[in-house]
Amino acid sequence: MSAVLDVSGLTLGFGQVVALSDVAMTVQAGEIVSLIGPNGAGKSSLLNCLSGFYRPQRGRILFAGRDITALPPHRRAAAGLGRTFQGLQTYDSMTVRENVLSGMHVHMRAGLLDAMLYWPRARQEEARFTELAEEIIAFLELEELRHAPVGALSYGLRKRTDLGRALGLRPELLLLDEPMAGMNAEEKADLARFILDIRDARGIPVVLVEHDMDVVMDISDRVMVLEWGRVIADGAPDAVRGDPRVISAYLGQA
Amino acid sequence: MLPSGVFFTDHAAEAGLLRTLPQRLWLAALLAALVLLPLVAGAHLIGLLTMLCITAIAVLGLQITTGMAGQVNLGQSAFVGAGAFVAARLALAGLPLPLVLPLAGLAAAAGSVAFALPAMRVKGFYLALTTLAAQVMFPILIIRLPAAWFGGADGLGVDPPTVAGIRLGGATAMYLLCLGVLVVMATAAFNVGRSRAGRAFRAMRDNDNAARVLGIDPLRTKLAAFFAGAFFAGVAGALYAYQVRYVTTEQFTLWQSVWYVGMLLVGGMTQPLGAILGTLFVTLLQEMLRSAGGALLDADVGLQGGAIFAATNVLLGSVILAGLIFEPRGLAHRWGLVVAAYRIWPYPHR
């Protein structure tokens, strides 16, 4: 079976600083792959290469068998690459439902003329996608808040809206950038359950960048460890946990 | 928020602009009153309201570009001017009004895209300055183009419009025409706000990086925002040309562009209702101060005309400033609070 994501030889530098060097990474269908490493290891650089914010100097990113290395971010989204963000990056003036609907942008067809006239074609499309958005809202248990402006919600709920917006894209791969940061134990447990459900019920593979080791070891099928822009370990959680290079990267030289 | 007891069983009905019977009745009553107004109002008031409708259309366009999509535009008056000159030219060529209005709108929109395309690399203050350049270039362009096109420095005269063979010569006819076009354009603006394009605009404004990652093409979306906003400006310009019957570059100044932005700020940037309330408030305030100044001059209390003119402008500026300090989110936001308070009365909380 061919991999959903196949990254090879990825190299990225900023001036003299090497952010990523010869990074290889694969994600198979139905996998949850976690990306961990100390601060400055290159996790965010790798994720930004995947979403198209950074253009690597060398290497190739194959997504669903297609080379997306040179595509701008919005074209990658159209190809089925979904992502959530570090911190709060929702559309704060919009309601929860509008956030989810805006995630469906690439699947909707209505243009400016449809928008102005709001004739049956546009009206029907809007109703059809509202139905789909409601499914996602129900999945994330946000029904009570569908019309609440996101800017007024709590941190955990805004992060959940961010996830809902990414699901609106109906992604074939979901990148989650430190989704648990700043959450309390209950919010983390909720989110971990949602991530597992996304994989199990929707069949969407997930790449998770996360600092919370308990969560990472609990829900990942595979863990990839980065240090100084290089992959130093890649395997099952238990194998990675015992790897001496990983221990020394996290705890310093023994 | 909706009054209690109003429920929907399908998404299309819930997305409606008017969702309750009282809303429909109130709007119908308001429109009927506006249509019947010429029977009782004087020519001066009708002329004022005609210009108000025209201005409101331009500000509605600015609400899309600047309010929804967050693209600062200090050149809206130039786009109104582009629409006015194209409309005058087409009307002179014998085209009927139902064709002239959309064509003038499209011409202004095309002009804005030609201008916005190179400006799309910059944001915020830099974009504001770039749109200022559109405002500066507009009169130069009109004057330097062959006089046979747009009349050069002399401008163009316009005949009254004909719709279906009927000549709309009178002030009342022009008022009803402009009111009708305003209703259509306002509906279009509200429609943009509740559809895919409007969400893409607001997504760009709220968080452009997130919008890109979620599949919204930044260049296309920004250009669409300028296109839509300038289309409104072009339609407003065409109506202006028919109303004033004469267009020159001096009518479409930077000063006017700044007023458009001021009206939008006072009314509230984030919703089309803000454009209408802001235009209404600022225009009526300007008019009241103008007539108060005139009365003061007639009363001959020993003040000179220049001093009165300056004083009324200072007062106008102060009222707008006070509005922005006490209600930075605009009159439309305040209106929303009033409606919500009315609906939850007598309870103080939802």
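## A tour of the two chains

Start in the loop between α5 and α6 of chain A and select A:Glu141, which sits there. Keep in mind as you click that this is a predicted model. Most residues other than glycine have a negative phi. A:Glu141 is not a glycine, yet its phi is positive, about 55 degrees. Show the surface and you'll find A:Glu141 partly exposed, at 45% relative accessibility.

Now hop over to chain B for another residue of this kind. Select B:Arg245, in the loop between α11 and β4 (246–247) of chain B. Its phi is near 70 degrees, again positive in a residue other than glycine. B:Arg245 counts as partly exposed, with a relative accessibility of 34%.

Most peptide bonds are trans. The bond joining B:Trp345 and B:Pro346 is cis, with omega about 10 degrees.

**Into chain B along α5**

Next, select residues 97–119 of chain B, which make up helix α5. How far apart are its end C-alpha atoms? They are 33 Å apart, which agrees with the 33 Å that 23 residues should span at 1.5 Å a residue.

Colour the buried residues of α5(B): among them are B:Leu97, B:Val100, B:Leu101, B:Ala104, B:Gly105, B:Ala108 and B:Ala109. Further along the list come B:Ser112, B:Phe115, B:Ala116 and B:Ala119. An α-helix has 3.6 residues a turn, so residues three or four places apart point the same way. To see what covers the buried residues of α5(B), bring up α4 (76–92), α6 (124–144), β2 (162–163), α8 (171–193) and α11 (218–244) of chain B, all of which are included in that cover.

Stay with α11 of chain B and select B:Gly234, which lies in that helix. Is it buried or exposed? B:Gly234 counts as buried, at 0% relative accessibility. Draw a C-alpha to C-alpha distance from B:Gly234 to B:Ala108: the two are 126 residues apart in sequence but 5.0 Å apart in space. Leaving out residues up to four places away in sequence, B:Gly234 touches B:Ala104, B:Gly105 and B:Ala108, along with B:Phe79 and B:Gly83.

**A stop at the cysteines**

How many disulfides are there over all chains? The count comes to zero. B:Cys53 is buried, at 5% relative accessibility. Over in chain A, A:Cys49 is buried too, with a relative accessible area of 0%.

**Where the chains meet**

Finish by showing both chains together. The contact takes 39 residues from chain A and 33 residues from chain B. Between them, the chains bury about 3,100 Å², of which 62% is on carbon and sulfur atoms.

For polar features, the interface of chain A and chain B has 16 residue pairs in polar contact and three salt bridges. To see one of the bridges, select B:Arg199 and A:Glu126, whose side chains meet at 2.6 Å, N to O. Then highlight the elements that give two or more residues to chain A's side of the contact: α2 (73–79), β6 (81–84), α3 (96–103), α4 (112–117), α5 (120–139) and α6 (155–168). The largest share of that side, six residues, comes from α5(A).

Conventions. Residues numbered from 1 in each chain as written. Chains lettered and ligands numbered in written order. Predicted model: local features only at pLDDT ≥ 70, side-chain atom pairs only at ≥ 80, totals over all residues. Heavy atoms only, no water. Helix = DSSP H or I, 4+ residues; strand = E, 2+ residues; numbered from the N terminus. Expected span 1.5 Å × (residues − 1). Buried < 20%, exposed > 50% of the residue type's maximum accessible area, 1.4 Å probe, protein only. Contact = heavy atoms within 4.5 Å. Disulfide = S-S within 2.5 Å. Buried area = accessible area lost by both parts, 1.4 Å probe. Salt bridge = Lys/Arg side-chain N within 4 Å of Asp/Glu carboxyl O. Polar contact = N/O pair within 3.5 Å; in protein donor to acceptor, adjacent residues only side chain to side chain.
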